[in-house]
Amino acid sequence: QRRVRATKEFKKIQERDEDATVSQLAFAALNVSIGEAKSVQTAFYIYQELADKFGPTPILLNGQAVCLLMQNKPEQAEDILQKSLDKDSGHPETLVNLSIVSQILGAKESARRYMNQLRDAHPAHPHVVRLAEKEKWFDELASARS
């Protein structure tokens, strides 16, 4: 349902100007949401082209990292996310993605450090809020069982 609606919205954007940056970003996001190997690879190339054109911003680097994660390349994703962190040490999406990559790579202490940094710098970030809700729920269930 969402993908169908997203595709329709993308087509509207594309009709206005297929080469516009917003069109390219929308197309990359749509391809990531599709999740098929070819679509994810297309999204990666779009993020790369935009980074070549405008410079590697945290948003573009995170897009590339997500594509690499979807291709089961967490080490490469981590390298790109480190570049993003070098550009902006408090970028919330970078911290979320580094926490996830660290968990995948078995670096639990790093994952915890990135999450704590995210919590401290961005307490209202949706990922922090959802995690806090789940932690509260878990604590309630655990106390009910004891």
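1. Asn-72 sits in the loop between α4 and α5. This is a predicted model, and in it the phi of Asn-72 comes out near 60°, a positive value in a residue other than glycine.

2. Which residues of α5 are buried? They are Pro-74, Ala-77, Ile-80, Leu-81, Ser-84 and Leu-85. Looking down the axis of α5, you find these buried residues within an arc of 150°, so they line one face of the helix. The general rule behind such a pattern is that an α-helix has 3.6 residues a turn, so residues three or four places apart point the same way. On the other side of α5, Lys-83 and Asp-86 are exposed.

3. What do the buried residues of α5 pack against? Their partners are α3 (37–54), α4 (58–70), α6 (92–104) and α7 (108–121).

4. Glu-75 is also part of α5, but it counts as partly exposed, at 49% relative accessibility. In sequence, Glu-75 and Ser-102 are 27 residues apart, while in space their C-alpha atoms are 9.3 Å apart.

5. Leaving out residues up to four places away in sequence, Ser-102 touches Ala-107, Ser-110, Ala-111 and Tyr-114.

6. Now for the α3 and α4 pair. Two packed helices are described by the angle between their axes and the distance between the axes. Here the angle is about 155° and the axes are 9 Å apart. That makes α3 roughly antiparallel to α4, since an angle over 145 degrees counts as such. On the α3 side the contact is made by Val-40, Ala-43, Phe-44, Tyr-47, Gln-48, Leu-50 and Ala-51. From α4 come Leu-60, Gly-63, Gln-64, Cys-67, Leu-68 and Met-70. As for handedness, α3 passes α4 in a left-handed crossing.

7. What is Asn-31 in contact with, leaving aside neighbours within four places in sequence? The list is Ser-39, Val-40, Thr-42, Ala-43 and Ile-46. Val-40 and Ala-43 also belong to the α3 side of the contact with α4.

8. Stepping back to the whole protein chain: how many helices and strands are there? The count is eight helices and zero strands, so the order from the N terminus on reads α-α-α-α-α-α-α-α. The C-alpha atoms fill a box of roughly 60 × 35 × 25 Å, taken along the principal axes.

9. Of the 146 residues in the protein chain, buried ones make up 31%. Among contacts with a separation of 6 or more, residues 24 or more positions apart account for 38%.

Note on methods:
Residues numbered from 1 in each chain as written. Predicted model: local features only at pLDDT ≥ 70, side-chain atom pairs only at ≥ 80, totals over all residues. Heavy atoms only, no water. Buried < 20%, exposed > 50% of the residue type's maximum accessible area, 1.4 Å probe, protein only. Helix = DSSP H or I, 4+ residues; strand = E, 2+ residues; numbered from the N terminus. Arc of directions from axis to C-beta. Contact = heavy atoms within 4.5 Å. Axes fitted to C-alpha atoms, helices over the stretch in contact; angles between N-to-C directions. Parallel < 35°, antiparallel > 145°, perpendicular 65-115°, else oblique. Left-handed = near helix turned anticlockwise from the far one by under 90°.
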